[in-house]
Amino acid sequence: MSAPRPGLSARSRKFVGTVLLVFLVLGWALAAMALAQGRVTTLPALGQFVAYVVLGVGWIVPAGLLIRWMQRHDRRSETL
């Protein structure tokens, strides 16, 4: 039976999470612009409204999950 492997330290998680967050925002923005220029313009007005709302705020859920992961406490056992 092997000992459990320690996860990333809080400092490492914050660094990795920050880099991933930057790529998430940039990638989401580029994808949203591409969709908004192409397919969204052919939708009726209500469809455009819904599409722009989803494209505008849809990145918040994955960003929130990533930030929650970044803020987790270390699993290291405390010794006195």
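With a relative accessibility of 32%, Val 16 counts as partly exposed, because the partly exposed class lies between the buried limit of 20% and the exposed limit of 50%. This residue belongs to helix H1. The model described here is predicted.

The protein chain contains three helices and zero strands. Read from the N terminus, the order of its elements is α-α-α. Helix H1 covers residues 10–37 and helix H2 covers residues 45–57, while helix H3 spans residues 60–70.

The packing of the helices is considered next. Two packed helices are described by the angle between their axes and the distance between the axes. For H1 and H3, the angle is about 170 degrees and the axes lie 9 Å apart. H1 is therefore roughly antiparallel to H3, since angles over 145 degrees are placed in that class. On the H1 side, the contact involves Arg 13, Lys 14, Val 16, Gly 17, Thr 18, Leu 20, Leu 21 and Leu 24. On the H3 side, these residues meet Pro 62, Ala 63, Leu 66, Ile 67, Trp 69 and Met 70. By class, the contact of H1 with H3 comprises 10 nonpolar, two polar and two charged residues.

H1 contributes Trp 28, Ala 32, Leu 35 and Ala 36 to the contact, and H2 contributes Tyr 52, Val 54 and Leu 55. In the contact of H1 with H2, seven residues are nonpolar, and there are no polar and no charged residues.

Values for the whole chain complete the description. Among contacts in the protein chain with a separation of 6 or more, 74% are accounted for by residues 24 or more positions apart. Of the 80 residues of the chain, 14% count as buried. The chain exposes about 6,900 Å², and carbon and sulfur atoms supply 69% of this area.

Terms used: Residues numbered from 1 in each chain as written. Predicted model: local features only at pLDDT ≥ 70, side-chain atom pairs only at ≥ 80, totals over all residues. Heavy atoms only, no water. Axes fitted to C-alpha atoms, helices over the stretch in contact; angles between N-to-C directions. Helix = DSSP H or I, 4+ residues; strand = E, 2+ residues; numbered from the N terminus. Contact = heavy atoms within 4.5 Å. Nonpolar A, V, L, I, M, F, W, Y, C, P; charged D, E, K, R; others polar. Buried < 20%, exposed > 50% of the residue type's maximum accessible area, 1.4 Å probe, protein only. Areas by Shrake-Rupley, 256 points an atom, 1.4 Å probe, with all protein chains shown as cover. Parallel < 35°, antiparallel > 145°, perpendicular 65-115°, else oblique.
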